[in-house]
Amino acid sequence: MKPFIVYCSKTGNTKKIAETMADETGTEAHNISDVRNVPKGTFLLTGSGVYGGNAGKGILNFIESLPKVKSGKAAVFETSGDGKKIVAGEQMKWALEKKGYKVTGSFVCSGTMFKIFRRGYPKPEHFEQAKKFAKSLK
Ligand SMILES: Cc1cc2nc3c(=O)[nH]c(=O)nc-3n(C[C@H](O)[C@H](O)[C@H](O)COP(=O)(O)O)c2cc1C
């Protein structure tokens with residue numbers, strides 16, 4: 001299954017995860033600034049970093065701008081300093097559910113923070129986990 005991947009990434013971690021998921025599923029990852037709408041009937045996969053305890057405004061505004069759907073499916077992913085608790089993913093999930101999407105999965109891992117903390121994250125195992133997650137989407 002080829003999800004339609006849209007991500008918001010200020011420092012590149014979420015972008016890398018998005019591109020890994022895209023490669024694994026034979027599709028492209030779209031930066032939020034390049035996307036206005038979602039092809040009908042596609043599985044929507046949205047991703048974001050966590051900034052001050054929130055998902056990127058761009059991705060939430062994007063979801064807010066989508067038309068309501070009757071039976072859409074979606075999943076969410078995020079990178080954060082914490083890398084465990086799903087924060088941006090929960091916010092994207094609520095926003096997607098309001099639009100009629102059923103959110104069937106979520107993925108989170110750590111990303112390098114402010115260039116100095118958690119250097120080397122996401123680690124190779126996180127990219128492997130991201131691939132498995134993308135492949136498992138239904
Ligand atoms: C301005 C800013 C605020 C952040 N706030 C949080 C936060 O509240 N909680 C957290 O776990 N990580 C926080 N982080 C870390 C980022 O979520 C983490 O580096 C993430 O991988 C960034 O994704 P990106 O590289 O795709 O932008 C923050 C990073 C930045 C740059």
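## Basis of the description

Local features are given where pLDDT is at least 70 and side-chain atom pairs count only at pLDDT 80 or more, while totals for chains, interfaces and linings use all residues of this predicted model. Residue numbers start from 1 along each chain as its sequence is written. Helices (H or I, at least four residues) and strands (E, at least two) are DSSP runs, numbered from the N terminus.

## Surroundings of the ligand

The ligand is surrounded by 20 residues, the closest being Ser9, Thr14, Gly49, Gly81 and Gly111.

The shell comprises four nonpolar, 13 polar and three charged residues. In this classification Ala, Val, Leu, Ile, Met, Phe, Trp, Tyr, Cys and Pro are nonpolar, Asp, Glu, Lys and Arg are charged, and the others, Gly among them, are polar.

## Helices α1 and α4

The axes of α1 and α4 come within 9 Å and cross at roughly 50 degrees. Axes are lines fitted to C-alpha atoms, for helices over the stretch in contact, and angles run from 0 to 180 degrees between N-to-C directions. The two helices, α1 and α4, are therefore oblique to each other; angles under 35 degrees count as roughly parallel, over 145 as roughly antiparallel, 65 to 115 as roughly perpendicular and the rest as oblique.

From α1, the contact involves Ile17, Thr20, Met21, Glu24 and Thr25, and from α4 it involves Phe127, Ala130, Lys131, Ala134 and Lys135. Contact requires C-beta atoms, placed from the backbone, within 7 Å. The residues of the contact of α1 with α4 comprise five nonpolar, two polar and three charged.

## Helices α2 and α3

For α2 and α3, the axes come within 9 Å and cross at roughly 10 degrees. Helix α2 is therefore roughly parallel to α3. Ile59, Leu60, Ile63 and Glu64 of α2 make the contact with Gln91, Met92, Ala95 and Leu96 of α3. This contact has six nonpolar, one polar and one charged residues.

Helix α3 (residues 88-98) has the buried residues Ala88, Gly89, Gln91, Met92, Lys93, Ala95 and Leu96. A residue is buried if 20 or more other C-beta atoms lie within 10 Å of its own, exposed if 12 or fewer, and partly exposed in between, with C-beta atoms placed from the backbone. The elements covering these buried residues include β3, β4 (54-55), α2 (57-65), β5 and β6. Just after α3, Gly100 has a positive phi of about 100 degrees.

## Phe77 in strand β5

Phe77 lies in strand β5 and is buried, with 26 other C-beta atoms within 10 Å. Apart from neighbours within four places in sequence, Phe77 contacts Ile17, Leu45, Gly47, Gly89, Ser106 and Phe107.

## The loop between β6 and α4

Phe114 is in the loop between β6 and α4, and its phi is positive, about 50 degrees, although Phe114 is not a glycine. Phe114 counts as exposed, with 8 C-beta neighbours inside 10 Å. Lys115 is also placed in the loop between β6 and α4, with a positive phi near 65 degrees. Lys115 has 8 C-beta neighbours inside 10 Å and counts as exposed.

Pro122 is in the loop between β6 (101-110) and α4 (124-136). The peptide bond from Tyr121 to Pro122 is cis, with omega near -10 degrees.

How values were computed
A residue is near a molecule or strand if its C-beta atom, placed from the backbone, lies within 6 Å of it. Two residues are in contact if their C-beta atoms, placed from the backbone, lie within 7 Å.
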